Amino acid sequence: MKLFNTLSRSIEDFEPYTPKEVTMYTCGPTVYNYAHIGNLRTYIHEDILEKTLMVLGYDVRRVMNITDVGHLESDADDGEDKMLMGALREKKTVWEVAAYYTDAFFMDCEKLNIKKPNVIAKATDYIDDYIVFIKGLEEKGYAYLANGNVYFDISKFKDYTKLSKLDLETLKIAHRDDVEEDAHKKNPHDFVLWFTKSKFENQAMKWASPWGVGYPGWHIECSVIALKNLGEQLDIHCGGVDHIPVHHTNEIAQTESFTGKPWTKYWWHAEFLIDESGKMSKSSGEFLTVSLLESKGFDPLSYRYYVLNSHYRKQLAFDFEKLEMAQTAYKKLKRKTEALMPYFNKETNLSEEGHLLSDAFKMQLADDLNTANAITVLYDVIKSNISNAEKAFLIHQMDFVLSLNLLSNGDSSEVTSNPEDAVYVEEMLAKRKEAKKEKNWALADAIRDELKEKGFEIKDTPEGTTWEKC
Ligand code: AMP
Ligand code: ZN
């Protein structure tokens with residue numbers, strides 16, 4: 001498996017700390033509003049990463065956090081408190097807002113066939129652990145108290161910019177826009193580990209701590225949740241590219257300072273989905289959600305298909321016309337694959353050509369997750385001369401990763417039709433095709449009637465004849 005590593009800015013051979021076992025951490029959603037389809041693009045690609053590793057024989061343990069505590073509007077420790085904004089907007093408590101949007105997020109994931117991680121960790125469930133972690137940093141001299149808040153001192157951590165590759169001056173300018181500098185910090189890039197003083201007097205989520213009643217900084221949740229659930233050394237850490245300069249940079253600084261060991265081996269980042277404004281944000285007014293796509297007549301899996309035709313490291317410009325084209329292609333593909341459904345048999349033996357196609361599919365995914373090329377291999381399977389049983393078998397295998405419901409509508413009972421039926425129907429359809437070619441309409445109709453009598457409904461479509469058992 002080859003994977004691009006943001007840390008080295010190059011494609012590397014994937015070698016986890018423990019052979020064949022992979023620990024994977026995913027920055028989860030901030031649950032103060034619905035996820036937009038940009039967020040979900042990142043989660044679709046992460047889902048492909050996890051399932052590819054599984055298909056390649058790795059045992060994957062994946063953890064995702066849910067940011068249900070005051071993550072501020074900007075990645076630095078400034079701006080508005082997002083959870084509070086959501087609560088004020090909806091006249092609910094912050095806890096109600098978090099619960100509602102956490103459920104909404106997993107419902108969207110289900111519609112997009114995104115697998116649930118092994119562990120889903122709410123940030124608010126780890127408060128005691130943050131306190132232990134911060135105390136540890138204090139003891140080691142990495143943290144200091146200023147104006148009531150506990151800060152991480154970045155000057156104590158060698159190589160603070162190893163992930164971002166930005167010099168601190170550039171970072172400073174990048175942050176300048178909306179930063180209200182806390183004059184008590186030693187360095188402008190020092191970040192908060194624990195707040196007791198903030199400009200949000202009406203913060204609803206507060207806990208007692210050795211430094212006073214307050215709440216954790218944002219970056220700390222990912223470090224602590226990953227450490228607690230996946231150990232001190234992590235194989236893959238995922239997220240969108242926006243997290244590189246601040247959030248992930250700060251996670252590395254505090255985690256490696258705490259453990260004294262190198263932490264994440266592979267930093268995996270997905271590029272952004274952008275709209276015509278060049279940005280997709282859920283903080284501002286109307287934004288694109290899965291429900292909005294559905295209300296416009298799109299199947300969420302058409303969006304998944306659209307996303308999989310792009311590479312995760314390339315920006316994707318969203319456009320309804322292209323989504324429409326993707327939906328047409330996806331539906332056409334599904335008609336073809338569903339027609340093969342009755343041939344599916346999990347005991348099928350693959351021919352040499354079948355093995356080559358199976359390997360070609362895995363090779364594309366193992367090549368830094370080339371999903372678009374993997375889909376091309378899927379089309380090669382459909383066009384190939386292997387038997388229908390082999391085709392169905394391979395499509396079933398490929399759909400484990402692609403998760404496009406290619407052989408069923410998500411209901412596995414649909415792929416268990418009797419292969420003998422399929423052989424019979426396909427023979428009859430071949431005879432009917434021959435009859436039509438010879439303009440023997442009476443025979444063609446008689447064959448259709450006979451099939452109907454035996455319980456098989458056939459449909460003539462522009463892509464050929466399909467059938468189903470009624
Ligand atoms: P958030 O809920 O804002 O914390 O974001 C959840 C995930 O979506 C993070 O991994 C972000 O990096 C990612 N993300 C945010 N905006 C976009 C976008 N426009 N396109 C793709 N991923 C995004
Ligand atoms: Zn995170």
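Is Leu145 buried or exposed? The points below start there and then move on to the chain, the ligands and some single residues.

1. Leu145 is exposed, with a relative accessible area of 51%. The classes used here are buried (under 20% relative accessible area), exposed (over 50%) and partly exposed (in between), with a 1.4 Å probe and protein chains only. Leu145 lies in strand 6, residues 143-146. Helices (H or I, at least four residues) and strands (E, at least two) are DSSP runs, numbered from the N terminus. Leaving aside residues up to four places away in sequence, Leu145 touches Val150 and Trp211, where contact means heavy atoms within 4.5 Å. The C-alpha atom of Leu145 is 9.7 Å from that of Leu193, and the two residues are 48 apart along the chain.

2. On the basis of the values: this is a predicted model, in which local features need pLDDT of at least 70 and side-chain atom pairs count only at pLDDT 80 or more, while totals for chains, interfaces and linings use all residues. Residues are numbered from 1 along each chain as its sequence is written, chains are lettered from A and ligands numbered from 1 in the order in which they are written, and side-chain values use heavy atoms, with hydrogens and water left out.

3. The protein chain has 470 residues, of which 54% count as buried. It contains 15 helices and 15 strands. Along the principal axes, the C-alpha atoms fill a box of roughly 90 × 50 × 35 Å. Among contacts with a separation of 6 or more, 76% are between residues 24 or more positions apart. The accessible surface of the chain is about 21,200 Å², and carbon and sulfur atoms account for 51% of that surface. Accessible areas come from the Shrake-Rupley method with a 1.4 Å probe; for residues, only the protein chains shown count as cover.

4. Ligand 1 has 17 residues around it, and Thr30, Gly38, Thr42, Asp242 and Leu273 come nearest. A residue is near a molecule or strand if one of its heavy atoms lies within 4 Å of it. The shell around ligand 1 is made of 5 nonpolar, 9 polar and 3 charged residues. In this division, Ala, Val, Leu, Ile, Met, Phe, Trp, Tyr, Cys and Pro are nonpolar, Asp, Glu, Lys and Arg are charged, and the others, Gly among them, are polar. Helix 1 (37-55) and strand 10 (234-240) each supply at least two residues of this shell, and helix 1 gives the most, with 4 residues.

5. An N or O atom in the side chain of Asp242 is 2.5 Å from an oxygen atom of ligand 1. For Asn39, the distance from a side-chain N or O atom to an oxygen atom of ligand 1 is 3.0 Å. Thr42 has a polar side-chain atom 2.7 Å from a nitrogen atom of ligand 1. On its own, ligand 1 has 490 Å² of accessible area, and the protein covers 95% of this.

6. Which residues coordinate the zinc ion (ligand 2)? They are Cys27 (SG), Cys222 (SG) and His247 (NE2), at 2.0 to 2.1 Å. Donors are N, O and S atoms within 2.8 Å of the metal (3.2 Å for Na, K and Ca); water is not among the atoms, so sites may look incomplete. Along the chain the donors follow the spacing C-x194-C-x24-H. Cys27 lies in the loop between strand 3 (21-26) and helix 1, and His247 lies in helix 7 (residues 244-259), so the pair ties together parts that are 220 residues apart in sequence. Both Cys27 and His247 are buried.

7. His311 is in the loop between helix 9 (300-308) and strand 13 (316-317). His311 counts as buried, at 18% relative accessibility. Its side chain reaches the backbone oxygen of Asp368 at 2.8 Å.

8. Asn405 is in the loop between helix 13 (388-402) and helix 14 (419-437). Asn405 counts as buried, at 17% relative accessibility. The side chains of Asn405 and Asn113 make a polar contact at 2.9 Å.

Notes:
A polar contact is a pair of N or O atoms within 3.5 Å; within protein, one must be able to donate a hydrogen and the other to accept it, and residues adjacent in sequence count only if both atoms are side-chain atoms.
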